[in-house]
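Here is a walk through how the chains of this assembly meet, and what sits inside them. Have the sequence and the 3D view open as you read.

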Amino acid sequence: MNPTEFPTGSSMFSFLEEIWPYCRSITGNGVRSTLQAIKQHLPDLRIHEFPSGSSALDWTIPDEWNISRASVSTLSGEVLIDVAANNLHIVGYSVPFNGIVSRVELLEHIHTLKDQPDVIPYVTSYYKKRWGFCVPHRDLVRFSDEYYHVQIDSRLEPGSLSIGEWVLPGTSSREILFSTYCCHPSMANDQLSGIGLAVFLACWLREQPERRYTYRFLFLPEMIGSATYLEHHREWLKEKVIAAFNLTCVGDEHTWSYLPSRSGGTLSDKAVQHLLDFYTQESQHYTWNDRGSDESMFCAPGIDIPMVSLMRSKYGTFDAYHTSADRLGETVTAKGLQESFDMYLRLLTALDQNGYPITKILGEPQLGKRGLYPDLSIKGSTDGVKQLLNVLSYCDGQHDLFDIGNKARVNVEEVLALMELFVKHDLVEICDEPSKK
Amino acid sequence: MNPTEFPTGSSMFSFLEEIWPYCRSITGNGVRSTLQAIKQHLPDLRIHEFPSGSSALDWTIPDEWNISRASVSTLSGEVLIDVAANNLHIVGYSVPFNGIVSRVELLEHIHTLKDQPDVIPYVTSYYKKRWGFCVPHRDLVRFSDEYYHVQIDSRLEPGSLSIGEWVLPGTSSREILFSTYCCHPSMANDQLSGIGLAVFLACWLREQPERRYTYRFLFLPEMIGSATYLEHHREWLKEKVIAAFNLTCVGDEHTWSYLPSRSGGTLSDKAVQHLLDFYTQESQHYTWNDRGSDESMFCAPGIDIPMVSLMRSKYGTFDAYHTSADRLGETVTAKGLQESFDMYLRLLTALDQNGYPITKILGEPQLGKRGLYPDLSIKGSTDGVKQLLNVLSYCDGQHDLFDIGNKARVNVEEVLALMELFVKHDLVEICDEPSKK
Amino acid sequence: MNPTEFPTGSSMFSFLEEIWPYCRSITGNGVRSTLQAIKQHLPDLRIHEFPSGSSALDWTIPDEWNISRASVSTLSGEVLIDVAANNLHIVGYSVPFNGIVSRVELLEHIHTLKDQPDVIPYVTSYYKKRWGFCVPHRDLVRFSDEYYHVQIDSRLEPGSLSIGEWVLPGTSSREILFSTYCCHPSMANDQLSGIGLAVFLACWLREQPERRYTYRFLFLPEMIGSATYLEHHREWLKEKVIAAFNLTCVGDEHTWSYLPSRSGGTLSDKAVQHLLDFYTQESQHYTWNDRGSDESMFCAPGIDIPMVSLMRSKYGTFDAYHTSADRLGETVTAKGLQESFDMYLRLLTALDQNGYPITKILGEPQLGKRGLYPDLSIKGSTDGVKQLLNVLSYCDGQHDLFDIGNKARVNVEEVLALMELFVKHDLVEICDEPSKK
């Protein structure tokens, strides 16, 4: 499996434009449309439906929510809010309503962000029945009439929660897991970017001639979706998954961010820390306390899937987060998507070929007879082979490729290239597990 | 067990004024009077007497020393030193003497501190027989006569060493140990403050409706007293004591100080480090090399009781230390005593309720249905529950309350309050021991 | 075993002057002459010969190389290069040649260092057959004729590789190993200094009345020599050697340098780190990645002898390295040699007496009755015994002398002196192994 030229930045961006308008929530047709769009790229995507009322760990799958249209108008017919214009205008899971309300009553149902008066906030009320609209704070001045006509054509009734799952088997039954959520309406970095990256990484993997591990991609509603999936598959995952990643906020061009697993120190943590150390100028390392997504389920005590997040700007830290300003072309760019794709390819490639190299030769090998060492020794002549010798010296069956890179101060791609050379010269063999001391 | 308003600063101070004048040493009636005064507050205090000549680990209990009066006068009858004025004037364990001595001979028996010419130093000679007096260095000029009358009415003869012990049983046989020494004459911070804090902590504990651990308070002569106690009880202590504290120098208002156990890393160390981290602006962390009190016995190799000291100004570091300047109202204040009491209450309360919480629910629980989570989600709406979720996420049976506080960056009292909430909602149970992995 | 006045700096320097002119290489009579000179000091030095063609781990012992003379002259008879003047002039392992060559052809065989135009570089070609000369870069101007007479009277034919070995048995079968290489021609710090230090340390050891460990000194050609020795003795060494040192670059007066073992954390590493911490103002700590000598063989995966280097200026870091400027009196001084000798004596002495002291007395002992504690207690009177008490408090059977010194902040010689006192007073016994907890 080798990284190739894979024109993804702009393709990903186009795909995100396609799924942008769907009015997603934790259940309903917005999610299904999104999964269908993913299926265009990944035809063997399986879509699982879990009925309302089913248990999902400590949670219960709520009724399914769908909305066809919603608006607020003056009594003279002027439309002041129309969800068709931006699906952030409606509070997620708003119950149906149709009637005339006073200004005072309406304002109790309208949500704004005073600190960011130009943007529509993203608001939901999944588990308490209410209706509401969201508008930019500065638009409140437009609500000067005494009465308004509110129309919300939504349905909240038994249905099901949808999860997309795509699995690519490897030669090993051990797995690398990618999870991304698909329940947010039209927001770019904190929604679409993760889906786009997941889809294109899956496509790239499928095109590779071989791979060691099984790759599992989950597209699920945040929290309730991971609880639902874990309700059924946690034992399996705990046994099989060696590394897991929550794909989110991977579309901008800012400093890389890392959110560790709950315990820290897993292979996922080690791999991501290595990448940030060797491939970025600077990066932001958060703690588990800063988390805010599906790792809360996957890493919970007793579940303990080794999930980390390698992001650009972490959710919650950028102004546009959870507002209408989180928009394609602004928070997310084709360049940002391409960079994330490239970084994750490095990660995948290294993880898939990771192992514990062990030398087959006692003592430092004579590299000269293998053409790997200068035949004339003069001051400085061996500077060029020091890195090779350092990497080789850590091939003791106790260090994996990331450990070796860290100790020899060499990035994992160079370690991989050297391993190929070493294997070719029969200098090392690479074991799946650390050797017994 | 909850901290309550417990008017202690001024009560402690008054108690210390009461026991100030007793002429304490490692044996004798000064100690007994002190223990009797303690018994007024703790009627079931047991007073153990160990006869002179008995073994105390590597030590032997010396003869008992008592003194009724001692003075130095001119031959014309002018009293130049009178121990009645300050019992620091006499070298502890001075042998009886009555006679006329020359100026030269007298000065060989007079001790001063050149660097602190205004104070009387604290001097003892427990194991070598001699007599002596202590005066401020600047008073030496008063000794201009040729001859002096020295009178020391002391007795040094077989008797016993006294140790006070007060035990409050808990539901567990495991113990928390407090030790304080009672062998120094009239000095405030490096003597009385520890006794006062011990007595009032014991009183407070006795008034609590329940407690988990057994609490043992020892009032003993420094070093020889702890050796004596350990001679008889070390196996028991080693088996039962989970945390131990040497109470000394807890009466001033300066920066908190911490002296670790010999090995470090015990529960006592962890608890004190947490308190200093979360409840003080700054603190002074000493090493085991800086010790100077009973921990030398309790933490010695093979004994290894986990004893630490949480002090204000550490002994040996303040000018007044071991001099007549270590005086009530100067080095020790009611406010300082109250602050120490409050800090130790936190410590006691947290230790008594400490344990290893483990979640009873797989995955992040749905807090909304328990009324612990906002029912409307908008940017920032869950900031207030992040701390709760962080604390909950570490309830994996591997972390105790201090660990959880350290990881979630929450002080242990807030952790305790959350545990109460979690237990009430049946979210966690708190185990005595870490769970098996 | 105690360090004594041992006049070594100037004796070592004289010895190095004696062996300076031998034209050493990895085989041949230059090495043998050097070993014979060593044998003058260590009559029971054993000299092992390993025939050309023998296996040495991954290597094969090459043909033996000897050279009687070599020169380049003009056709008119002016000698431009004569190896008799400096044996760095000839490329090591140059094949025989006798003939007239053009200027162009000659220059292809001449090596210089452009960046250091005044010095002759040290060049070898052990495994590729070629001939060549080395000159200062600025001397190239002297080669203005069209043709030259080249004469190299060398022999490259089956023979043997020579290794010197000197063993001093101790009461324990466990060993401390010193290795130094003897294959470089006339260079002072990066060749002779290591040999000199090894010889004189061995002499000193032989004069001591007793020692615990067996001491093994190896004088071998770098890399191929250690591979040869390990081919035959690696199992033995791995079982017996508790600490190992590669002696090189120990003749100058600059900052001390430390190159760790591959794994780090061995007794060799701990001892050297302690010495640098307590006996030097500053020191340079390198990593395993910076290595460049026999530790590459001795510490290789699967061999894992705990070898470190304690040097002055590390090879490769000083300008004169591997050039004719690495000269006695310039890079190496009698004072530098003496300082290295003194430092290694400390190391040897501490290692030989190292162990895990354990107190024979429960609790802090009464030092007063042993005359080790002041009999009068006054502020400051016990300052002088704090160090003694600290050292004693770590005698718990878990810390060796270096650990104790590190924790008590006392250098290992003072720890040793205290141990002698403790043993005399029957306070501790010193065990070979840590005690079971």
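Two residues are in contact when they have heavy atoms within 4.5 Å. By that rule, the meeting of chain A and chain B takes 34 residues from chain A and 23 residues from chain B.

Some ground rules first. This is a predicted model, where local features need pLDDT of at least 70 and side-chain atom pairs count only at pLDDT 80 or more, while totals for chains, interfaces and linings use all residues. Residues are numbered from 1 along each chain as its sequence is written, chains are lettered from A and ligands numbered from 1 in the order in which they are written, and side-chain values use heavy atoms, with hydrogens and water left out.

**Chain A against chain B**

Together, chain A and chain B bury about 2300 Å², with 48% of it on carbon and sulfur atoms. Buried area here is the accessible area (1.4 Å probe) that two parts lose on being put together, summed over both. On the chain A side, A:Asp58, A:Asn289 and A:Pro301 lose the most area to chain B, together 29% of what that side buries.

Now for the charges. There are 5 salt bridges between chain A and chain B, a salt bridge being a side-chain nitrogen of Lys or Arg within 4 Å of a carboxyl oxygen of Asp or Glu. You also get 19 residue pairs in polar contact between these two chains (both at pLDDT 80 or more). A polar contact is a pair of N or O atoms within 3.5 Å; within protein, one must be able to donate a hydrogen and the other to accept it, and residues adjacent in sequence count only if both atoms are side-chain atoms.

Strand 3 (59-60) and helix 7 (295-298) of chain A are the elements that give two or more residues to the side touching chain B. Helices (H or I, at least four residues) and strands (E, at least two) are DSSP runs, numbered from the N terminus. That side of chain A divides into 16 nonpolar, 11 polar and 7 charged residues. For the sorting, Ala, Val, Leu, Ile, Met, Phe, Trp, Tyr, Cys and Pro count as nonpolar, Asp, Glu, Lys and Arg as charged, and the others, Gly among them, as polar.

**Chain A against chain C**

Here 23 residues of chain A are in contact with 34 residues of chain C. The pair buries about 2300 Å², 48% of it on carbon and sulfur atoms. A:Leu362, A:Glu364 and A:Lys379 supply 31% of the area that chain A buries against chain C, more than any other three residues.

The rule finds 5 salt bridges across this interface, along with 19 residue pairs in polar contact (both at pLDDT 80 or more). Helix 9 (386-393) and helix 10 (401-408) of chain A each give two or more residues to the side that touches chain C, and helix 9 gives the most, with 3 residues. The residues on that side split into 9 nonpolar, 6 polar and 8 charged.

**Some salt bridges**

The structure holds 77 salt bridges over all chains. A few are listed here.

| Pair | N to O distance |
|---|---|
| C:Asp58 and A:Arg370 | 2.8 Å |
| B:Asp375 and A:Arg130 | 3.0 Å |
| C:Lys360 and C:Asp426 | 2.7 Å |
| A:Glu239 and A:Lys240 | 3.7 Å |

Which of these residues are buried or exposed? Both C:Asp58 and A:Arg370 are buried, where buried means under 20% relative accessible area, exposed over 50%, and partly exposed in between (1.4 Å probe, protein chains only). A:Glu239 counts as exposed at 56% relative accessibility, whereas A:Lys240 counts as buried at 13%. C:Lys360 is partly exposed at 46%, and so is C:Asp426 at 45%.

There is also a salt-bridge network in chain A, linking A:Arg46, A:Glu165, A:Glu175 and A:Arg216.

**Inside the chains**

Helix 9 (residues 386-393) of chain B is mostly covered, with 6 of its 8 residues buried. Those buried residues pack against helix 10 (401-408), helix 11 (412-424) and strand 18 (428-431) of chain B.

B:Thr124 lies in the loop between strand 7 (110-111) and strand 8 (133-134) of chain B and is buried, at 5% relative accessibility. Leaving aside neighbours within four places in sequence, B:Thr124 is in contact with B:Val91, B:Gly92, C:Asp375, C:Leu376 and C:Ser377.
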